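Q: I have a structure open here and I'm new to it. Can you walk me through some parts of it?

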Amino acid sequence: MSELMREVISDVRALKLAPQKKSRGATVRHIQFSPARPSATASSSLFSTSNLVQRNPTNSNDPFRGPELQSVNMPRKRAELDVPEQLEQPRSIRKRSHQELEAIPESDLETTPTKRQRSGRYSPLTDDTESDSQAQSSFSDVIKEPIITVTESPVKEDDTPKPKRRGRPPKAKPAVNGGDTPTPKATRTANFTTPTKKLNGVNGSGLTPMRKAADQSAKRKSARAFIQHVVGDELTDEEDNGDFARHIIDSSDEEEEDIEGDGVTTADTSAVDEATTPSKKTPRPRGRPRKVRSPTPPRDMPPHEQYFAHNKPGRPKTSHNTLGSLALLTHEEYFTILKENPDRHATDIEYLESLHAESFPQWTFEISQGFGVCLYGFGSKRKLLHKLAAHLYSRRNTDRGDKIVIVNGYAHTTTMREILSNVGSAIDPTQRIPLAQPPTMVQSIISQLATTDMTLTLVVNSIDAAPLRKPGYHTALAQLAAHPQIQIVCSTDTPDFSLLWDIGVRSAFNFVFHDCTTFAPYAVELDVVDEVHELLGRNAHRVNGREGVAFVLRSLPENAKNLFRLLVAEVLLAMEEEGGDETTGVEYRMVYNKAVEEFICSSEMAFRTLLKEFHDHQIITSMKDALGTELLSLPFRRDELEAIFEDLAS
Amino acid sequence: MAREEVSQDVYKQEDHQVAYIFDPDDNGPRHERPSKRRRVSKQAAAAAESIENASVFTLLLNGAEKPGFVQLRETAFHESWAKIDDRIKVCNLALPIRNSTHLSKGILRSSNQATLDQVSAFVTDSKTACTDQVPSAFVITGPNIASQDLLFEQMSETLQRSTPSRFVRLRSSEASTLKATLKKIIRDVTAKVSDDEDDDLEVGDGRDGRRYLDYDLEALHAFIKPQNCEHIFVAFQDSEGFDSSLLSELVVLFHSWRPRIPFTLLFGIATSVELLQARLLKSACQLIYGAQFDVIQTSAILETVFKTAVAAADAPVHLGPSLLRSMLDRQHDQVSGIQTFVMSLKYAYMCHFYANPLSAFVSTDSQSFDGLQSEHVEATRNTASFRYYVEQAVEKGTPEDISLARSLLEDDESLVTAMQQSVESRQEGTSEFLRALLIVRATSVQDDEFSRAYVDAMEDGVTISEQSSVVDSIRRMDITEINTLVRRVISILEEGDVDLGVGPAITGPEHAEVRDGLEKLLGEIEELSATAKDQEITLRSKYSGQGRVMRTTVIAQRVQLSQDSATLTVEDKQFTDIVDKMTELLISYVHVSSPMSAFLSESWLYDSRTPSRDVFVPRPRVVLERSLTRPYDYLSCACCKPGEEGVQATLPETALLYQLYLETSSLINVADLWSAFVTRVVGDEEADERKALVMFYRALAELRALGFVKASKKKTDHIAKLKWL
């Protein structure tokens with residue numbers, strides 16, 4: 001299955017790259033050939049564009065309508081489809097296939113143009129993967145495109161080797177279409193011949209455009225469709241099978257969406273085959289709804305379905321746009337704008353918070369009864385907790401020396417030792433708890449507590465913040481919280497915080513949970529600008545790009561500059577080779593050798609010293625690849641690197 | 001203004017401090033703080049004034065409640081809970097409870113005692129019984145690891161008390177490698193005496209002054225040699241969590257050191273010994289001399305606690321069936337310990353007294369009815385139980401009843417009297433209910449747990465009718481069974497049940513009637529059984545299966561089936577009479593409706609499932625999803641309209657971005673996300689775009705902090721989606 005898909009994708013890619021140019025060449029060549037053909041055919045094929053448009057007036061209005069008309073020829077499609085496939089085969093086989101071709105009565109060839117036209121459609125269509133509007137425009141392309149491909153059929157008759165090469169582009173079609181790459185020979189021929197014979201009966205062998213036009217008349221069409229319907233019964237079954245397989249493939253890759261557009265043509269045709277009249281009055285073919293698939297998956301799927309829908313195998317289909325053109329925010333700008341523009345919901349947020357604040361007495365009661373209080377929900381709960389702390393503070397028992405310790409879990413420097421030593425100093429400022437492993441410290445805190453009868457309240461902001469997520473931290477906190485003289489109030493931000501606690505820890509915390517959605521901005525908890533830059537892979541803490549590097553290098557000796565230039569050049573080269581925009585490393589050894597060659601340094605020692613300087617300024621990074629080779633790379637993006645290189649070279 | 005405050009907050013130093021002691025009085029650099037504090041403290045002060053000594057309880061009845069009642073509720077809470085708290089302890093008071101602050105620990109402590117004794121016995125025995133193997137105790141603790149900690153703590157205390165020994169507790173999280181484990185063992189053993197915090201261990205005597213690596217068991221040997229240590233206990237608290245190969249290695253290692261260091265192992269096992277054995281190497285298993293110990297399972301303790309604290313007739317507050325059912329289900333579904341149950345119970349008590357103004361009437365002393373507020377009376381008239389009471393009175397239709405109903409509705413005085421009566425008679429009512437329940441259970445039809453039976457009975461009441469299974473099972477009994485049943489019922493009536501706090505049934509003539517009837521019956525039974533014994537016949541009633549005979553008669557080539565009762569002897573008939581009397585008695589006597597229907601049951605019955613569920617089983621994902629998809633649910637702001645399709649530009653930025661996030665697939669192009677975002681938020685002015693960018697930044701940073709996205713290296717400016725809520 002997946003193999004098939006890959007095949008399909010590669011085919012589609014091949015189509016994307018190759019055919020357009022080639023086929024354009026083909027048109028030119030065709031003009032040379034066409035005189036050899038009977039003039040009627042030539043003209044027919046030359047004007048086929050206009051013909052097409054005229055014959056299928058619906059086509060221009062509504063691209064989706066097109067297939068209906070084409071569908072009339074459906075049964076022959078199969079036959080036609082096989083041709084290009086065979087063309088690709090070694091010459092001897094090709095010949096034979098050609099003989100087969102010739103065995104087909106002319107009428108078949110007569111119909112080929114329309115057929116071709118459809119196959120030609122693949123190439124332009126595969127290019128667009130985006131929206132419906134684009135699809136629309138590409139459909140208009142389709143209408144133009146056929147000129148090129150249509151010409152083939154006459155050429156084929158000529159049996160000249162060249163056109164056969166031209167026959168290649170549509171080759172992808174069978175794979176895509178049927179999903180069954182090698183059709184067993186027997187069935188193939190069966191498909192091949194049966195319908196054509198019948199058609200023969202209807203159409204005769206007229207090749208003139210007049211005749212063709214006549215064939216488009218509704219009466220004839222209906223008659224033809226009827227006959228096809230009678231004959232094509234066995235076919236439709238088979239169609240459906242192919243259909244099914246193809247749909248499986250399609251659903252697995254969005255890139256084939258457009259192809260499916262064509263695929264549906266097949267589905268439609270089979271539908272129309274069954275319908276008695278292919279006229280407009282015909283009810284919409286049943287295959288139709290499947291075709292309109294929006295790029296976004298349906299919205300009302302349950303989360304797990306969505307997960308699988310989003311994590312389908314295959315390349316992610318995102319555009320190649322980057323934020324390159326956007327000037328990213330600096331801290332200054334961020335805060336200036338933030339200050340200038342008050343939040344639209346500020347008052348609502350304030351009100352919401354006051355609502356939560358009304359529960360303070362309840363929470364106080366809960367805390368006093370030995371429960372821990374845990375506030376969750378979206379929005380910063382720091383201010384609320386601060387207010388709660390103030391509330392608790394106002395009610396504390398000063399005689400016993402009750403204290404409140406506030407812990408900021410979100411602070412990057414948070415460690416358990418610091419928290420515990422703070423707790424210790426809150427209990428008894430004169431006695432410092434020896435810094436040790438958290439469990440030991442907890443023990444000494446508890447023994448200290450035993451000497452007093454104070455109540456200590458721990459207020460923990462963002463207990464689920466990254467710095468507090470280290471193993472053992474929560475166990476230590478829980479041990480504290482389980483002590484009857486220690487009360488705990490905390491806030492959590494992430495939706496999965498409860499996974500932090502196993503049953504032991506959780507029952508030690510003895511939490512009651514309250515939904516405290518505040519919508520307040522995480523103003524203190526998050527360094528928004530750094531956070532986003534980190535997310536985007538732009539290192540926030542590094543000297544700033546090109547200017548920074550220039551600044552650093554200015555203070556370094558000439559050798560260092562040269563070495564850096566060498567490094568930039570090497571990295572750029574490596575990037576070129578790999579073609580990626582990702583950070584690419586160059587081998588340490590290689591750089592050293594080059595540096596020696598260019599007399600930048602004479603010993604590895606000196607080389608290392610120079611590198612260390614860069615490293616201190618964080619303008620290079622080193623890493624090891626899978627084999628353990630040391631690689632040097634520069635933490636800049638390609639355009640930045642190029643700019644730096646220009647600066648250095650000048 | 002708020003914005004300014006925020007931005008000032010941003011630069012406050014202590015916000016970035018890891019931890020600090022909260023002290024708003026110490027307002028050095030801060031200026032805006034005092035005003036805020038004053039507001040809060042003033043509020044608190046006002047509250048303190050009104051409730052005299054700073055009660056945490058708030059005024060109910062729309063603030064009309066008098067402080068006296070608030071205090072009454074609070075003291076009622078403290079008294080009631082203390083009573084239950086004590087009871088939970090008392091019923092397990094076989095042993096001294098050291099740490100009595102945590103009541104639930106008290107229960108567990110005592111329930112673990114048997115196990116502890118067994119283990120100590122095993123340890124003593126093993127000294128003689130096994131010479132060349134490592135003695136190991138396998139303690140089946142059950143899946144609740146919350147109680148494991150306590151168990152091992154107790155073990156360490158008991159064992160160290162009984163013998164000169166050292167105890168090391170290992171948890172799988174602390175022992176990842178062999179080296180780390182050994183380090184921990186050695187450190188724990190040595191640290192208990194000397195508090196040296198040297199990196200490499202300097203052990204003992206200093207005569208040779210040898211230094212050891214800190215994972216060298218030789219060090220341990222040197223350490224314990226002078227101390228005459230009989231046992232080094234190594235407890236694997238959660239043996240399932242350990243790496244199997246690590247366990248095997250440790251066992252082998254301990255065995256090889258056993259001649260010099262007296263290791264004894266303790267395994268805490270949640271599953272079964274067989275599973276542990278399967279995980280260990282055979283060679284390691286052979287070195288183990290083991291015994292298995294079962295800790296009393298939570299379910300057994302739960303039943304005791306349930307009887308004494310929840311169902312007891314004199315429990316100050318009773319819980320309703322729906323809450324109880326959810327509590328029991330939670331206990332069953334999530335393997336939570338007994339602590340959780342007790343805490344849920346406590347929380348129910350808290351809710352009841354905190355939020356129900358009628359809870360003031362729980363305390364039986366009549367003082368609660370002095371100075372009763374008109375609001376209380378009004379509230380009582382609004383209760384469901386009042387309505388039921390009045391309706392019943394009206395339905396009875398006698399003139400007295402009708403007038404009673406009228407006076408209840410119109411006259412406050414008589415209502416108060418009725419309330420007083422009902423409060424006084426409440427315990428009798430519940431006792432009645434429990435007695436009936438006990439009688440039904442005595443017939444042993446229901447062999448499920450008492451807790452479940454209680455919950456069911458709470459819902460439907462207890463009745464025995466001709467059709468009920470109780471009658472059937474009585475009829476199937478033989479004479480001895482009937483005998484025990486009658487004795488049991490009499491004892492229930494005369495003595496009640498200690499656990500449930502049901503006293504003897506003395507009040508009311510119907511009790512005496514029943515008791516007399518039963519006693520008469522008992523006399524008959526004994527007489528009958530004596531005769532039966534003399535004559536060596538087995539007594540059968542007409543209900544017992546053997547008593548019926550199927551007869552087939554062929555009449556005129558037709559088979560007639562007829563069921564004939566086998567001819568009953570005189571004794572059999574007597575026995576049948578006894579059975580019939582017994583069932584009649586029970587049917588007439590056991591007819592108790594659920595205590596929930598009693599008048600004023602609202603004052604002592606709490607049955608609200610939601611608070612408990614919200615508080616103990618949070619649904620953070622749902623809440624977060626809701627707040628992000630429908631912010632107006634929380635903000636109720638004017639700008640964002642509920643029910644409007646599509647993404648509204650006025651949504652809070654994170655909610656807006658989340659909408660867009662929902663449409664993305666697993667890999668997100670930030671550039672595209674940004675362009676989608678900016679088109680939603682602004683037109684095309686430059687300044688606005690920067691503003692939008694600020695919003696975008698904030699939203700993105702928040703989504704990241706909430707764990708929705710992470711950086712991705714697959715493509716430039718792409719991020720990966722992490723959550724599908």
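Q: How many bridges join S7(A) to strand S8, and which way do they run?
A: Four bridges join S7(A) to strand S8, residues 630–633 of chain A, and the two strands run antiparallel. This is a predicted model.

Q: Which residue is the bridge partner of A:Met623 in S8(A)?
A: A:Met623 is partnered with A:Leu631. Another bridge pair is A:Thr621 with A:Ser633.

Q: What lies between S7(A) and S8(A)?
A: Five residues; the two strands form a hairpin. In the turn, A:Gly628 has a positive phi of about 90°.

Q: What sheet does S8 of chain A belong to?
A: An open sheet of three strands in chain A, ordered S6-S8-S7, with antiparallel pairing.

Q: Why is one side of S6 and of S7 left without a neighbour in the sheet?
A: Strand S6 (586–587) and strand S7 (621–624) of chain A are at the edges and have a single partner strand each, so one side of each has no neighbour in the sheet.

Q: Switching to charges. What does A:Arg589 form a salt bridge with?
A: With A:Glu604, where the closest N and O atoms are 3.0 Å apart. The pair links distant parts of the chain: A:Arg589 sits in helix H34 (residues 588–597) of chain A and A:Glu604 in helix H35 (residues 604–616) of chain A, 15 residues apart.

Q: How many salt bridges are there over all chains?
A: A search of the whole structure gives 25.

Q: And how many salt bridges between chain B and chain A?
A: Six. One of them pairs the side chains of A:Glu333 and B:Arg690, at 2.7 Å from N to O.

Q: Which helix gives the largest share of chain B's side of that contact?
A: Helix H28 of chain B, residues 686–705, which supplies 12 residues to the side touching chain A. By class, that side of chain B has 57 nonpolar, 22 polar and 30 charged residues.

Q: How many residue pairs are in polar contact between the two chains?
A: There are 28, counting pairs with both residues at pLDDT 80 or more.

Q: What area is buried there?
A: About 9,900 Å² between chain B and chain A, with carbon and sulfur atoms giving 63% of it. On the chain B side, B:Val18, B:Phe22 and B:Tyr697 lose the most area to chain A, together 9% of what that side buries. The contact takes 109 residues from chain B and 109 residues from chain A.

Q: Now confidence. What is the mean pLDDT of chain A?
A: The mean is 66, and 53% of the residues of chain A reach 70 or more. Residues 251–285 of chain A stay under 50, and the model has 95 contacts for that stretch beyond four places in sequence.

Q: And what does chain B average?
A: Chain B averages 78, and 82% of its residues score at least 70.

How values were computed. Residues numbered from 1 in each chain as written. Chains lettered and ligands numbered in written order. Heavy atoms only, no water. Contact = heavy atoms within 4.5 Å. Buried area = accessible area lost by both parts, 1.4 Å probe. Salt bridge = Lys/Arg side-chain N within 4 Å of Asp/Glu carboxyl O. Polar contact = N/O pair within 3.5 Å; in protein donor to acceptor, adjacent residues only side chain to side chain. Nonpolar A, V, L, I, M, F, W, Y, C, P; charged D, E, K, R; others polar. pLDDT = per-residue confidence, 0-100. Pairing = 2+ DSSP bridges.
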